[in-house]
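Okay, everyone, thanks for coming. Let me put the model up on the screen and then we'll walk through it.

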Amino acid sequence: MADIQSPVPGTFYHRPSPEDAPFKAEGDAVAAGDTIGLVEVMKSFIEVEAEEAGTFGGYSVENEAAVSAGDVLATLK
Amino acid sequence: MTFEVVKPGLLTTIQDLGRPGYFHLGIPEGGAMDRAAMRIANMLVGNPEDAAGLEAVFIGPELTFQHDTLVAVAGAEMPVFVDGEERACWSSFPVKAGQTLKFGYLKTGARIYIAFAGGIDTPPALGSRATYPIGALGGFEGRALAAGDVVPVGKPGAKARERTLDRAMLAELPKPVELRVLPGLYWHRLTEKSQEQFFDDEWKVAPEADRMGYRFRGGRPMEFVERDQPFGAGSDPSNIVDGCYSYGSIQIPGGTEPIVLHRDAVSGGGYFTVGAIISADMDLIGQLQPNTAVHFRRVDMDTALSARAERRDRLEKIRSALT
């Protein structure tokens with residue numbers, strides 16, 4: 001089980017835009033480099049990428065939650 | 001003498017102590033958001049305090065060195081690695097040609113300052129190497145660093161040697177964070193109730209806070225003393241006939257979210273300014289992460305001046321210890 005951590009502090013989003021579905025759902029296949037969410041900071045949206053491949057285990061924090069750098073955002077199984 | 005940018009981080013810019021003297025022409029002072037950290041990083045590698053280094057926000061860059069040098073990192077707490085081996089912040093350490101400087105996840109604070117013995121040697125613009133990206137001025141081609149950039153560094157000075165700062169000499173971060181405010185020019189535009197609530201309410205750093213301004217939200221909206229808007233001012237009660245802004249001044253557009261103007265701020269405009277953050281607390285703002293809770297605390301001019309003197313004395317003690 002691998003954790004995906006936030007590179008920056010900011011606001012975490014599960015979805016590319018409010019109308020879209022979340023980037024990943026539990027059980028989805030994840031390839032290294034896949035975007036699993038966005039962190040908004042300093043008027044930019046930073047893509048959070050999986051560093052390794054696996055199966056998506058779910059988001060660890062709520063959509064639009066305030067996060068710190070290094071916080072676990074999602075897990076891989 | 002150069003280093004190459006392997007990964008730039010989020011927003012890494014060349015900064016020094018800035019270019020005062022052009023704000024009336026619309027060119028901000030610029031320079032490090034946490035000036036004390038920039039100065040100390042330079043002291044640690046034996047540079048003049050106004051030498052240019054790097055400011056990196058939230059994410060450290062990855063740099064490869066093409067010559068031997070001495071490096072120091074100050075400011076935020078972020079693990080520092082040279083070829084995978086951890087080094088301490090607030091210390092200078094040697095880096096050899098071919099070695100790579102990398103950083104771990106940010107722990108506390110927001111901005112690190114990286115000084116190199118000899119200082120970054122890009123061409124100065126209006127007397128400073130500070131990068132003002134919006135104006136494409138100074139730094140490396142007027143922009144933030146990108147992967148592949150090769151940045152020139154001067155020769156290490158005669159005073160370049162390894163040093164470590166005794167961290168007990170640093171001011172402790174107040175918790176919860178308190179920013180001291182001297183009410184000013186348009187304070188009278190707020191009702192008494194709003195003046196009180198500005199200091200009573202808890203505010204949080206908004207994620208969009210940047211080098212131009214630090215925005216805060218979470219407090220209750222302000223109410224204004226009624227007036228007929230003067231000729232030339234907009235219709236919103238937070239509008240004025242255009243005026244000058246200052247470094248540290250606090251505007252509250254629409255009366256909702258206070259913005260503290262910082263190093264890359266615009267120099268004037270049509271929003272009322274309720275006062276200013278005292279100079280002693282401006283470096284601290286540069287180290288605030290998004291969502292950090294803060295309180296504004298009212299002070300008078302005497303308190304502001306003694307806080308400034310205290311800060312100057314603290315820096316002087318550090319200077320004597322390191323140089």
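Helices (H or I, at least four residues) and strands (E, at least two) are DSSP runs, numbered from the N terminus.

Some housekeeping before I go on. This is a predicted model, and local features need pLDDT of at least 70, side-chain atom pairs count only at pLDDT 80 or more, while totals for chains, interfaces and linings use all residues. Residues are numbered from 1 along each chain as its sequence is written, and chains are lettered from A, and ligands numbered from 1, in the order in which they are written.

Back to the helices. Which residues of helix 1 of chain B meet helix 4 of chain B? From helix 1, they are Ala36(B), Arg39(B), Ile40(B), Met43(B) and Leu44(B), and on the helix 4 side you'll find Leu315(B), Ile318(B), Arg319(B) and Leu322(B). When I say contact, I mean C-beta atoms, placed from the backbone, within 7 Å. By class, that's 7 nonpolar, no polar and 2 charged residues. The classes go like this: Ala, Val, Leu, Ile, Met, Phe, Trp, Tyr, Cys and Pro are nonpolar, Asp, Glu, Lys and Arg are charged, and the others, Gly among them, are polar.

Helix 1 of chain B, residues 35-44, is mostly covered, with 10 of its 10 residues buried. That includes Arg35(B), Arg39(B) and Asn42(B). Buried means 20 or more other C-beta atoms within 10 Å of the residue's own, exposed means 12 or fewer, and partly exposed is in between, with C-beta atoms again placed from the backbone. After the helix comes Gly46(B), with a positive phi near 75 degrees.

Zooming out, chain B has 4 helices and 20 strands, and its C-alpha trace spans about 65 × 40 × 30 Å along the principal axes. Its radius of gyration is 20 Å, which agrees with the value near 20 Å for a compact globule of 323 residues. That radius is taken over C-alpha atoms, and the globule rule is 2.2 Å times the number of residues to the power 0.38. Buried residues make up 45% of the chain. Of the contacts in chain B with a separation of 6 or more, 76% are between residues 24 or more positions apart.

Chain B is divided into domain 1 (2-166) and domain 2 (177-313), with bounds from an automatic or database domain assignment. Their C-alpha centres lie 29 Å apart. The contact takes 19 residues from domain 1 and 12 residues from domain 2. On the domain 1 side, helix 1, strand 5 (69-77) and strand 10 (108-116) each supply at least two residues, and the largest share, 3 residues, comes from strand 10. That side divides into 8 nonpolar, 7 polar and 4 charged.

Most residues other than glycine have a negative phi. Leu126(B) has a positive one, near 50 degrees, and so does Ala136(B), also near 50 degrees. Leu126(B) sits in the loop between strand 10 and strand 11 (150-152) of chain B, and Ala136(B) is in the loop between strand 10 and strand 11 too. Buried or exposed, what is Ala136(B)? Ala136(B) counts as exposed, with 12 C-beta neighbours inside 10 Å, while Leu126(B) is partly exposed, with 15.

Last, chain A. It has 0 helices and 8 strands, and buried residues make up 31% of its 77 residues. Leu73(A) lies in strand 8, residues 72-76, and is buried, with 20 other C-beta atoms within 10 Å. Beyond its neighbours within four places in sequence, its contacts include Ile4(A), Phe12(A), Val48(A) and Val61(A). As for the two chains together, 12 residues of chain B are in contact with 15 residues of chain A, and the chain B side divides into 8 nonpolar, 2 polar and 2 charged.
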